[in-house]
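Here is a short briefing on a two-chain model.

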Amino acid sequence: MPKLGHPIRTFTVLAAAAAALAVAVSSAGAAPARHSSTTITGAGSTFVQPLVSQWISPIGSAYGYELQYSGVGSGAGVAAITARTVDFGASDAPLTPDQFTACNGCEQIPWALGATAVLYNLPGVKNLLHMDGPTLAQIFMGQITTWNDPAIAKLNPGVSLPSSKISIAHRSDNSGTTFNFTDFLSSASPAWNSQIGKGVAVNWPVGSGGKGSSGVAALVSQTPGAIGYADIAYALHNHLSYFAMKNKSGKFATPGLRGMLSAATSDETPAADNSLSIVNPPAKYANAYPISTFTYVIVPLQSSKAPDLKKFLFWAVTKGQTYGPKLLFEPLPKSVLVVAEKAIAKIHS
Amino acid sequence: MTSLDLTDAARRPFTGRRVRFGDVSLQVVAGAAAAAVTILVGLIVWKVIEGARLSISHYGLAFVTRIAWNPVLGHEIYGAGSFLFGTAITSLFALVLAAPLAMGVALFLSELSPGWLRAPVTALVETLAAVPSVVIGLWGILVLGPALRGHIESWLHSAFGFIPFFGDPSPAGASIFTAIIVLTIMILPIVSSISRELFLGVPHDLKEGALALGTTRWEMVKGVVFPYSRGGIAAALILGLGRALGEAIAVTQVIGGGVFIHWSIFDGGDTLASKIAASYQGSSTNLQTASLVYLALILLVFSLVANISAQLIVRRVARRHGITRGGHA
């Protein structure tokens, strides 16, 4: 009987290890079959998926393209474009140097603008609670443990906060949302920056991990006194409470379109890899929501479908942006649009 | 036995051609299947070692015991220590909880239950085995976790809090304890179905003989059923252990994560399999990817050891059984 069991179990192990590959293969399945018609396939970020889904029908009537997108997660999207099993990948976090090397001749282009909401579950407190970066960092480092801590009380004058414990929920999988959130904490708190840092996953000192936005949301909504984070569209659709975050000008901003737009104009000169960081922008961006982020499309510079891919991407960063606001994606600001269009022009066959 | 005789017959010179053709094709097909599995396992092992090479050369064996996992660029360091601990503790506790339960279920279904109840309960137990792990995981995070935290964990903590195992309950209900209960539920049907088959296989004359000697039902079970199926039970438990060791998705959903070793089972943690499942997609550096594959390698070795020890136990018990069976009966 153990002889029967062993290979099955081995497969389970391998299945986990080969997950990215499997995803890559499955998302590629449709591409070669319909090579003659213009099908454009993509895979990656679940965050940007609602927006890309909105594009399928209009891009079909505008150019006759069949757009296929699998929301398999940013990491799997990077793996898929690295293996060239899709025409484009989508990632919420900019590629790391290792990922760029592996992708061999890829470029990333900012193509959507979103924000991360800091969630809380505090039954009985009706007010919109305020929070700032340094306090949030202390909470996520386990240094502030109760809701009526003076640091939180000071941000919320006149609100009667309970003495209950704060329980912390974070993502256990690799996530662009985690990158955005820790990028903000690193910018707002020198202690966080030196001890923990930023990334798609970090070494969380305290708290429980949930798998996916849904996992974090489940932990937060199940647990009175919990704090977590998720992208704003997810938070809104699931009716979760989130903080108004203090920006550098001292204003408390909610993760809405106005806050994103104000933050988005703060980084006008992208790095050589086209990555832009707009967390915690300077005080002159008075309405900025400080945990905003660009999300990226990753394309090979050389593609057999170059003309179609370029047309599609141009459409996505211009006309496609108009589908954003009702899903809480703020259209790209002009300065970023220029960057994106320059990058798209570099694609060749 | 029978199949062996047939093969011998087939090898005799004057047998008809059709029989020979059938035998040859059977041999080819079966042999090819066996070879394919062997080659597949070999390829898997080779690929895993290949994939882990960067991490192996970087960290060596120190990786296995180091308690660290920091994927942040510039702070990168990896080790399997806390995941090995998490794997060992969740699997062993789950086994300890599942074993008596499974024995109870199996005994009930094979010896005690009224006839009309047997078929439906058996079907239900087997349905439990067919529930996808992601569904059990969802139930674990939405229903079981909060229920355990609200009732069982707080009670255990207040009653037995002086034992370090039962520390302060994690407020979110995602903990090693939740993972243990989820794993218990997942391995219970495997162990109980196999044990039920074993108990049903105990010869009737032995059972009836014992009862005729005036034993109670429990004495009959203790004196005849258990000794007769001891080797099989051990194998069933090891199979269950294997399932617990390798289960990834459901555990990832409920265990809460964290790179530390706590005495309290009410805190979060991670197992080898759950860490791989949570982190492989979107792994951002080559070293991290290699380290995750290194975890897979450790898990493979773990499973191999579990399997080999299962076979050794079965063989040893079977041999002793052969000598002493007369005594038990």
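Both faces of β8(A) are covered: A:Ala226, A:Gly228 and A:Ala230 are buried on one side, and A:Ile227, A:Tyr229 and A:Asp231 on the other. A residue is buried if 20 or more other C-beta atoms lie within 10 Å of its own, exposed if 12 or fewer, and partly exposed in between, with C-beta atoms placed from the backbone. This is a predicted model: local features need pLDDT of at least 70, side-chain atom pairs count only at pLDDT 80 or more, and totals for chains, interfaces and linings use all residues. Residues are numbered from 1 along each chain as its sequence is written, while chains are lettered from A and ligands numbered from 1 in the order in which they are written.

**Strand β8 of chain A and its partners**
- Strand β8 covers residues 226-231 of chain A; six of the six are buried, so the strand is largely enclosed by the rest of the structure.
- Helices (H or I, at least four residues) and strands (E, at least two) are DSSP runs, numbered from the N terminus.
- Strand β4 (residues 106-121) of chain A pairs with β8(A) in the antiparallel sense, over six bridges.
- Two strands pair if DSSP finds at least two bridges between them.
- Within that pairing, A:Leu119 has A:Gly228 in β8(A) as its bridge partner.
- Strand β6 (residues 167-171) of chain A runs parallel to β8(A), joined by two bridges.
- Here A:Ser167 stands opposite A:Ala226.

**Other strands of chain A**
- Strand β1 (residues 39-44) of chain A is mostly covered, with five of its six residues buried.
- β1(A) pairs with strand β2 (residues 66-70) of chain A in the parallel sense, over five bridges.
- A:Ala43 faces A:Ser70 across the pair, standing opposite it in β2(A).
- An open sheet of three strands in chain A has the order β5-β10-β11, with mixed pairing.
- β5 (130-131) and β11 (252-253) of chain A stand at the edges with a single partner strand each, so one side of each is left without a neighbour in the sheet.
- β5(A) and strand β10 (residues 244-246) of chain A run parallel, joined by two bridges.
- A:Met131 stands opposite A:Met245 in β10(A).

**Chain A overall**
- Chain A has 15 helices and twelve strands.
- Of its 349 residues, 55% count as buried.
- The mean pLDDT of chain A is 85, and 89% of its residues reach 70 or more.
- pLDDT is the predictor's confidence in each residue, from 0 to 100.
- Over residues 1-36 of chain A, pLDDT stays under 50.
- Where pLDDT is low, the predicted coordinates should not be read in detail.

**Chain B and its contacts**
- Chain B is divided into domain 1 (2-59) and domain 2 (80-328), with bounds from an automatic or database domain assignment.
- The contact between them takes ten residues from domain 1 of chain B and nine from domain 2 of chain B.
- Two residues are in contact if their C-beta atoms, placed from the backbone, lie within 7 Å.
- Between the chains, 53 residues of chain B are in contact with 46 residues of chain A.
- α12(B) gives the largest share of chain B's side, nine residues.
- Helix α5 (residues 115-130) of chain B has 16 residues; the number buried is zero, so α5(B) lies largely in the open.

How values were computed
Expected span 1.5 Å × (residues − 1).
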